[in-house]
Amino acid sequence: MSVSAGAPRTRAAASFPPIPLHRRLYGFGSIYGKTIRDSRLAFIIAAGLLGGMALIMGVAVASVFPTPAARLAVDELVGSIPESMINLFGKPVELGTLGGYMTFKYGAIFALGTALWSILALSSTLASEARRGSLDFVAVAPFGKRRIALEKLAAHLTMLWLAMAILAVATTTSSTLFGDAALGDQIPPLSSFGFALWAGFLAMFFGGIAFALSPVLGRAGAAGVASLVMIVLWVANGFAAFDALATVSPFRWTADHVALVGQYDWAPVALVGVVGVAFLAIGVELFMRRDLGVTSGLSLPGLPGPVLGVHGPVSRAFGDELPRAISWGIGLGLMGALVASLVGPMADQLSDSSLMATFAAIFPGFDLTSAGGWLQMYAQLFFIAAGFAGATFVSKWASDETEGRLEMVLTSPTARARWVIAGGIAAILAVAVMTVLFAIGVGLGAVSGDVAAGDPMVGSASLGLYAAAIIGIGVAIGGLWRTSLAAEIAALVVVATYLIDLVAPPLKLPDWVHQLALTAHFGQPMVGQWDPAGVLACVVIAVGGILLGAWGITRRDVAR
């Protein structure tokens, strides 16, 4: 037998088949695709709210102002609105039409809501993964830091502009299906495009600030500073005392762009987009030049040991939830303080009886001379924020199982049911912290405006009750079925509740349909008018959901 000698045989490297495009888009083999998949819940919520509100506007205007005489009366009231209110809410052009009414009453809500989504997404897309350490694993792959940043940024911009496209289509569809063309309600596609472009560029502007600051300040610091800048620039646009600051406000730049009534001012809108792109480019470069996860940080003082979770499962879970509770509480508190602080100056300007009649026609059913009345006017937005806060608390509780920590927790003397109950109690305690901070913000704002704060501060409890009910729903889903879907389903319940409460009255749907919305059972808590049925329903859902989840977790396997 002969043995051949020679160069050692090299072993061929294993080859992997190429990943199909549709799987890349779903998140396999692509940073862009994975970011798209991770953002699907936020996109569903944002697109659902924006598109749903746009669709409902046509029905609402037709219901509130059904006759040509009513439209004409509202349109003739424009001259009595103070200039500060015009700057704050937008130019009241053709208020008697769907486009004019939607722009003046809800334009700022569309813009601020979209910008807030962009701020939260872009402040965390890199900073959160860098803080957790998961970005280190991506960085050791054959991807440069610039490519990582650009693919993550491209994913958010894709979702943002998809949501803007849905908003544009929904706006035109609403005007076609529900508007009265004879009264000027028809909104052509170009007008809807201009409105969506304006909202999207504002989101890029303020989201770009958050993205640029996140490599330096971290997720929480960047989101906080960008949100504060957004609110300050919006408020500065409405008051003469802040004219110097308003010169750098994109709201002031685009004041003449009222796209929904066919008045276009494309150059300032394009400028907002260019500045937003510049902020995003700065964020990419700063991410390139800094070490991963190394930030200056804007953080709260360290928490004491008992709060951090060293005294049992409830304390541990509450320690995990507390940073989120404080963040949500400060954010809601700042918004509450802003709205309440505006009551005094607004009430002074509304002291004229004819002007009061003007705003009573535009905002029917609200006492705009009290802090509670103003807060009640924006109550749906606060309920949405509180509901989403509850969904994030559910997400944090569920992460024990979805991130593989639950098996380690259960090796201690902690039963499955006790883990669920402890997590539910901790989430509700987090809601209590958030609600107290909101009430404090409302009180401070009302005091600064020299108006009564008692009713709205007590009414703040309604937000906590609603958030607790959402937690009960999420915990029940997580215990009975899958914790990986608990927060998503809880968030969808928030969206569905808002849309039902918004659409049922103007569409004159059966009363039982409107009663499906939990927020329809509170009365007007911000002005001291409570409905006990809503309070009881929230308590039952919260407690019952947690107990149901505790029972369900004992009847299924723990996810691996």
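This is a predicted model: local features need pLDDT of at least 70, side-chain atom pairs count only at pLDDT 80 or more; totals for chains, interfaces and linings use all residues.
The buried positions of α26 are G534, C538, A542, G545, I546, G549, A550, G552 and I553.

Helix α26 itself covers residues 532-553, which is 22 residues. From the first C-alpha to the last, α26 reaches 32 Å, close to the 32 Å expected at 1.5 Å a residue.

## H156 in helix α9

H156 lies in helix α9, which runs over residues 145-178. The relative accessibility of H156 is 7%, and because buried means under 20%, H156 counts as buried.

Leaving aside residues up to four places away in sequence, H156 touches W117, S118, A121 and L122. With one of these, S118, there is also a polar contact between the two side chains, at 3.1 Å.

## The protein as a whole

The secondary structure consists of 26 helices and 2 strands. The protein has 560 residues, and 50% of them are buried; H156 and the listed positions of α26 are among the buried residues.

Of the contacts between residues at least 6 apart in sequence, 75% join residues at least 24 apart.

Terms used
Residues are numbered from 1 along each chain as its sequence is written. Side-chain values use heavy atoms; hydrogens and water are left out. Helices (H or I, at least four residues) and strands (E, at least two) are DSSP runs, numbered from the N terminus. The expected span of a helix is 1.5 Å times one less than its number of residues. Buried means under 20% relative accessible area, exposed over 50%, partly exposed in between (1.4 Å probe, protein chains only). A polar contact is a pair of N or O atoms within 3.5 Å; within protein, one must be able to donate a hydrogen and the other to accept it, and residues adjacent in sequence count only if both atoms are side-chain atoms. Contact means heavy atoms within 4.5 Å.
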